[in-house]
Amino acid sequence: MTDQLVAPPTVEAPPASWWRNAVIYQIYPRSFADSNGDGIGDLPGITARLPYLKDLGVDAVWLSPFYASPQADAGYDVSDYRTVDPIFGTVADASELITGAHALGLRVIVDLVPNHSSDQHEWFQKALAEGPGSLFRERYHFRPGKGESGELPPNDWPSIFGGPAWTRTTNPDGTPGDWYLHLFAAEQPDFNWEHPAVRDEFKTILRFWLDLGVDGFRIDVAHGLIKENGLPDVGSDAEWHLLGVGESPCFDRDGVHEIYRAWRRILDEYPGDRIAVAEAWAPNLARVSHYVRPDELHQAFNFSYLGTAWNPHEQRQMIDDSLAAMGAVGAPTTWTLSNHDVVRHTTRLMQTGEGEVAGRKALAVDDAAALRRARAASALMLALPGSAYLYQGEELGLPEVLDLPPEARQDPAFHRADGQDGYRDGCRVPIPWSGDVAPYGFGPAGGGSWLPQPASWAGLSVAAQAGVPDSTLELYRRALAVRRDSPALQPIDNLRWVTAPAGVLAFERAVAGAPVFRCTVNMSDRPVTLGRPGELLLASGPVEAGPDEVVLPPDTTVWWQL
């Protein structure tokens, strides 16, 4: 490799804001901490564990949905956007959580699900009850079917979760009725975002939670709100997934950007640097960057990086491409390795075909080798310019749970033919806090957990790792402390690649008047001997470091101060 600078931003970066360099920790509420012993995590459980997150060193938490919901898709089917589902607590509990987080210097981002509602939402129930001609049907996508008696779906769109994206209704008089669109489960009818009532409703929802004190929103399926006029056929029998190939009639339509410009204006009305983050799957990074133009959203998840193979060439290319694409619109790049929809990276990075990440069945791997690579990948990610997202339990080195019995699984895609494989439950198993037997402090003794926890997790609990110098938990704590305190790791794109042997990735970050930071990653399958460039700040695993040379084992990342 030769020295090379990443392409500089083509627009001037705005003044530094907290979110440009933030480390944001995703909490999947039902799997984080259970306060009442019902086996399901809840908001009071999260509030009680906030000091742990403060000690970990993150800047903010992102909460997956906790709104009122029949739980057909783990809360991503919302029946009431202004209240909390009783299994998680109350609005008062949400307020207490926000207040408690702010007292600790933590910000709170909540999930928002605007593409679809629950089929139990008041609007949808009225649309069904009132039958054809109901004004509430205009707020969703109701269409007559094709065929002699309307027995066929209105178009050929498939559901993300398998089968057609249409379900036929029954009229109030018992006769077969129109069909309604649901890009996900049948219990999740898609809103019609061309209707002004839908747009007005979500503006008031934003204000409700902003008034309660939240610091921002993660926007679910941000790329899916606008559909092509006329809902034309795809013209292919192939199933699609969130990450489409090429142009889609229902994803990443240009009309979504008008919506987000309106939301940005609302966010800017509030003090405290409130933000919105797009879950936007698009064919390329240039399209993703459209969501974070200066008058739209603040961040977008970098799913392209999450799916990048573990080798220097592809990692370097993706890092370059990501920084250049987001820099071109003055936005920070985001980095993430795991979330509630993908195989945990402790397991996934040892698989072949890393691009298949969402909802797929993973294969068994060597635990020690997998953890070594995962630790190296995390240290690399946390050294990059921009904002980093962590998923609960990755700081413990939790692997994917591969042996959940079919009767325990709750992913709706698992129970539908021809869709995604539906194995997302493996990354959603409740995390271990303490103790030698399940539920490992997740809730009161004897309370159980909504998904079974492996017996091997006793040694991975927070209590088992806290204070143990070489543990994964202490590695994360140390990395976040260095990231926070190092002048070179500022919220600016100051990455410069440096020459490194084959199989090794190396870059530096520097600011005037401060020590240079260097990150070196051995992605090869053999040890590599390097000249020692300076003071060793952090290593993802054991290294042989002499006064002049250092031996980097395979799958090891080292941070240096020069």
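Colleague: Which hand does the crossing of H10 and H12 have?
Modeller: This is a predicted model, and the two axes come within 10 Å there, crossing at roughly 10°. An angle under 35 degrees counts as roughly parallel, so H10 is roughly parallel to H12. The hand of the H10 and H12 crossing is right-handed.

Colleague: How many nonpolar, polar and charged residues does the contact of H10 with H12 have?
Modeller: From H10 come Leu371, Arg375, Ser378, Met381 and Leu382. They meet Thr472, Leu475, Tyr476, Ala479, Leu480 and Arg483 in H12. Sorted by class, the contact of H10 with H12 has 7 nonpolar, 2 polar and 2 charged residues.

Colleague: H12 also packs with H1. Is H1 roughly parallel or oblique to H12?
Modeller: The axes of H1 and H12 (residues 472-485) are 8 Å apart, at an angle of about 60°. Roughly parallel needs an angle under 35 degrees, and roughly perpendicular begins at 65. The angle of about 60° therefore makes H1, relative to H12, oblique.

Colleague: What hand does the crossing have where H1 passes H2?
Modeller: H1 covers residues 43-56 and H2 covers residues 91-103, and their axes are 9 Å apart at an angle of about 10°. H1 and H2 are therefore roughly parallel to each other. As H1 passes H2, the crossing is left-handed.

Colleague: Which residues of H2 make the contact with H1?
Modeller: By class, this contact has 7 nonpolar, 2 polar and 2 charged residues. On the H1 side are Leu43, Pro44, Ile46, Thr47 and Leu50. On the H2 side are Asp93, Ala94, Glu96, Leu97, Gly100 and Ala101.

Colleague: Is aspartate 341 buried or exposed, and which side chain does it join in a polar contact?
Modeller: Aspartate 341 lies in the loop between strand S13 (334-336) and helix H9 (345-348). Its relative accessibility is 14%, and buried means under 20%, so aspartate 341 counts as buried. A polar contact of 2.9 Å joins its side chain to that of arginine 428.

Colleague: Which residues are in contact with arginine 372, leaving aside its neighbours within four places in sequence?
Modeller: Arginine 372 is found in H10 (residues 367-382), and at 37% relative accessibility it counts as partly exposed. Serine 540 is 168 residues away in sequence, but the two C-alpha atoms are 7.6 Å apart in space. With the sequence neighbours within four places left aside, the residues in contact with arginine 372 are Pro554 and Asp555.

Colleague: How far is the C-alpha atom of aspartate 178 from that of glutamine 351?
Modeller: Aspartate 178 lies in strand S9 (residues 176-181), and its relative accessibility of 22% counts as partly exposed. Leaving aside neighbours within four places, its contacts include Arg137, Phe142 and Thr167. Glutamine 351 is 173 residues away along the chain, and the C-alpha atoms are separated by 44 Å.

Colleague: What is phi of leucine 231, and what is phi of aspartate 252?
Modeller: Most residues other than glycine have a negative phi. Leucine 231 and aspartate 252 are both in the loop between S10 and H5. Leucine 231 is buried at 7% relative accessible area, and aspartate 252 is buried at 9%. Phi is positive in each, about 45° for leucine 231 and near 55° for aspartate 252.

Colleague: What is omega of the peptide bond that joins alanine 438 and proline 439?
Modeller: Most peptide bonds are trans. Proline 439 lies in the loop between strand S14 (387-391) and helix H11 (462-465). The bond joining alanine 438 and proline 439 is cis, with omega about 10°.

Conventions. Residues numbered from 1 in each chain as written. Predicted model: local features only at pLDDT ≥ 70, side-chain atom pairs only at ≥ 80, totals over all residues. Heavy atoms only, no water. Axes fitted to C-alpha atoms, helices over the stretch in contact; angles between N-to-C directions. Helix = DSSP H or I, 4+ residues; strand = E, 2+ residues; numbered from the N terminus. Parallel < 35°, antiparallel > 145°, perpendicular 65-115°, else oblique. Left-handed = near helix turned anticlockwise from the far one by under 90°. Contact = heavy atoms within 4.5 Å. Nonpolar A, V, L, I, M, F, W, Y, C, P; charged D, E, K, R; others polar. Buried < 20%, exposed > 50% of the residue type's maximum accessible area, 1.4 Å probe, protein only. Polar contact = N/O pair within 3.5 Å; in protein donor to acceptor, adjacent residues only side chain to side chain.
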